Each structure stands twice: as C-alpha cells, then as structure tokens.
Amino acid sequence: MAATQPGTPDPSVIPPPPPGYPPYQGEPKKKRGLLIAAISLVVIMVLCVGGGVVAFLTLRNAETGEGAKEPAVAVDEFLTAVYKDRDATKAASRVCAASRDDGKITAKVAEVQKYASAYQNPRFRWTTPKVDNQTGERATVSTRVTMTTSDEKVADQDLRFTVVQKTGWWVCEVA
C-alpha cells in the first residue's frame with residue numbers, strides 16, 4: 001500500500017457532515033394572532049352585512065299607515081272596498097303586508113264587477129262581522145255576504161276572515 005502524503009486527506013475517512021440548519025419553529029406568534037384577528041373581523045363584517053340584508057327584506061313589507069281599531073271594523077272596511085266601492089287600491093289598504101298581492105286583489109274586485117254586471121241592479125250587503133275567536137294579535141271574523149238583484153234573485157256566501165293586529169287590525173286571509 002502506498003503511503004499517503006502529509007496534508008492529503010485519507011480516502012477511507014468519511015468527512016463530517018456540513019453544519020445543519022436550525023430546526024423549523026413556525027411563524028412567530030405575533031403573525032398567527034394577527035391572522036386570527038383578521039379572519040374574525042371578516043366573519044363579523046359578513047354577519048353584520050347579512051343581518052342588514054335580512055332586516056331590510058323583513059321590514060320592507062311592514063305595515064304602512066294605521067289599521068282598523070277593531071277586527072270587525074277591518075273586515076267591514078275591506079268588504080265595503082270590494083263589494084260597494086269596487087276599489088282594489090282601497091281594499092289593498094286594508095290587507096296585511098304579508099298577504100298583500102295587488103294582482104289577486106284587483107282580480108277579485110274585477111270578478112265582483114263582472115258578476116255584478118251580469119245581473120240587474122245588484123246590491124251587496126253583509127251581516128255585521130262577528131268576532132268568533134280572538135287571541136292577542138289574531139282574530140277570526142265571520143260574516144255572510146248577500147247579493148240581491150232587482151228581479152229578486154238572491155245569492156249568499158259565508159266568509160271567514162283571519163285578521164291580525166300590527167299597527168291596528170288588518171285582513172290577512174279570506175276563506
């Protein structure tokens with residue numbers, strides 16, 4: 001075997017590994033806290049905006065104006081608007097916002113008008129609306145509508161109304 005010269009490395013000796021990198025310690029705590037705060041702020045903003053949209057959609061159909069003082073009065077005013085005045089706008093002003101459908105109300109008034117034009121001098125009258133059941137902000141009112149013609153034809157219809165109180169009493173359902 002040949003001798004190695006001084007200053008030359010011995011090939012049989014494995015050199016030591018290079019110095020290592022320090023272990024990974026993650027991001028500093030400050031940045032993680034800032035990230036959590038930013039995400040929390042975004043979530044709060046989304047909830048606030050979402051709540052505002054829900055409030056707008058809920059309140060846009062709020063009752064405007066004053067309803068009737070009593071459930072029976074609300075029904076009487078509604079019947080007067082539909083059967084005597086035949087005024088869809090006036091009838092709609094007696095209906096609660098949740099049930100107010102101008103198209104349906106106009107169609108009902110047109111139906112009464114068409115029905116009335118098919119007979120000689122029709123007259124509509126109804127019994128005094130009677131409150132059958134009242135619990136807090138809700139009442140059931142009934143009446144009988146009668147149409148009489150000049151040639152003595154008579155037609156009766158029993159109606160039951162659901163009336164609710166918000167800013168006064170409003171008709172919400174007719175059955």
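Q: Are cysteine 96 and cysteine 172 buried or exposed?
A: Both cysteine 96 and cysteine 172 are buried, a term for residues under 20% relative accessible area, with exposed meaning over 50% and partly exposed the range in between (1.4 Å probe, protein chains only). The model is predicted, so local features need pLDDT of at least 70 and side-chain atom pairs pLDDT 80 or more, while totals for chains, interfaces and linings use all residues. Residues are numbered from 1 along each chain as its sequence is written, and side-chain values use heavy atoms, without hydrogens and water.

Q: What makes cysteine 96 and cysteine 172 a disulfide?
A: A disulfide is a pair of cysteine sulfur atoms within 2.5 Å. The sulfur atoms of cysteine 96 and cysteine 172 are 1.8 Å apart, so the pair qualifies. The structure holds one disulfide.

Q: Which parts does the pair of cysteine 96 and cysteine 172 tie together?
A: Cysteine 96 lies in the loop between helix 3 and helix 4, and cysteine 172 in strand 5 (residues 169–174), so the link joins parts 76 residues apart in sequence. Helices (H or I, at least four residues) and strands (E, at least two) are DSSP runs, numbered from the N terminus.

Q: Why is arginine 94 called buried?
A: Its relative accessibility is 17%, and the limit is under 20%, so arginine 94 counts as buried. Arginine 94 is placed in the loop between helix 3 (88–92) and helix 4 (102–117).

Q: Why are strand 4 and strand 5 said to pair?
A: Pairing requires that DSSP find at least two bridges between two strands. Strand 4 (residues 154–165) and strand 5 have five bridges, in the antiparallel sense, so they pair.

Q: Why do the buried residues of helix 4 line one face of the helix?
A: In helix 4, Ile105, Val109, Val112 and Ala116 are buried. Seen down the axis, the buried residues fall within an arc of 55°, so they line one face; the arc is that of the directions from the helix axis to the C-beta atoms. On the other side of helix 4, Lys104, Lys114 and Ser117 are exposed.
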